[in-house]
Structure formats: structure tokens, C-alpha cells
Amino acid sequence: KEIYTLLRRDVISDNQLFSPSAKITRAQLAQMIYKMRSTVDPMSSAVPYISDAASLGSYKPAIDYVVGKGFMKLDSKSAFNMNGTITYSQAEEIVSMMIMRTFSWNEIANHMMTEKFARSEGLTKKTALMTKAEAAYMMYVLFK
């Protein structure tokens, strides 16, 4: 239900198979955040230098947004690493920056357990990788 809602809102794209059980990449999460937040919280500062900017393709506006807002960080070489994956602990850091309070993945995982009867690996292992479905559900719950 939440994935279809985000499809209708153009937060996720239907031009390719969504693959809900696939691990979400940094670029895909940046795109979700950009599409959900940029209209209500527009960019107001300059974007820092991103060394791999030439390889970002259609994700560049979203990556500029999340890096410029401080939601997502660059590595020590100023690269975004768009194909890198997201762990539950990284998601906690990103969301904490977005909502300006300490966020725990357990908030979403417990909600998933009671509402969807789905157990998230992030409940017991914060270093595990987040799936696309979990990221979509998190965005839906946090920013209805």
C-alpha cells in the first residue's frame, strides 16, 4: 500500500521494476528524500564540492539537495558513492538530520511489526543493509 502511494506521488519511479527486497543505494534514498522534502523544504545553501559529480547522472539534483542540506555526507575524498548501500544505523543518522531529533530505526521496525506483521533485520542488527521496501515504508510513515 505504501509503495503504491509513493508511486502515485512520484516519489518512486515505475519506469523500472521496484524490487522491494533489493538493497537501497545511497542515490535511490537521496532521490526519495529529494522528491518528498524539496518542495516543502527547498535548498537554501550552497552545495559543497562533490568529486564524483560527473557520474551522478539524473540523481545529481537529489544528491546536491541531500548533501547541501546536510542529510547525507560525503566520504573523505568528497565523493558521494551513489551505488553504496545504506545500513540501518546510517538511515538513523540521515533521518535524525532531517527531523532534527534523535531517530531510532526501532520506531519504524516496531511499526512494521505491528501494522504489517513484518520483522526487520534492523531490530537486531544495525549494520545490516536496508531494503527498498523498508526505505519506502520509513519515508511514508515519517512524511505522510
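Rings of Phe, Tyr and Trp (its six-membered ring) pair if their centres lie within 6.5 Å; planes under 30 degrees apart count as stacked, over 60 as edge-to-face and the rest as tilted. By this rule Tyr34, Tyr65 and Phe71 form one aromatic cluster. The model is predicted: local features need pLDDT of at least 70, side-chain atom pairs count only at pLDDT 80 or more, and totals for chains, interfaces and linings use all residues. Residues are numbered from 1 along each chain as its sequence is written, and side-chain values use heavy atoms, with hydrogens and water left out.

Nine of the twelve residues of α2 are buried (under 20% relative accessible area; exposed is over 50%, partly exposed in between; 1.4 Å probe, protein chains only), so the helix is largely enclosed by the rest of the structure. Its cover includes α1 (2-8), α3 (60-68), α4 (88-99) and α6 (132-142).

In α2, Ala27, Ala30, Gln31, Ile33, Tyr34 and Arg37 meet Pro61, Ala62, Ile63, Tyr65 and Val66 of α3, where contact means heavy atoms within 4.5 Å.

Tyr34 and Tyr65 form an edge-to-face pair, 5.6 Å centre to centre with 65° between the planes. Tyr34 lies in α2 and Tyr65 in α3, so this pair ties together parts that are 31 residues apart in sequence. Tyr34 is partly exposed at 27% relative accessible area, while Tyr65 is buried at 3%. Tyr65 also pairs edge-to-face with Phe71, at 6.1 Å and 70°. Phe71 is buried, with 6% relative accessibility.

Terms used: Helix = DSSP H or I, 4+ residues; strand = E, 2+ residues; numbered from the N terminus.
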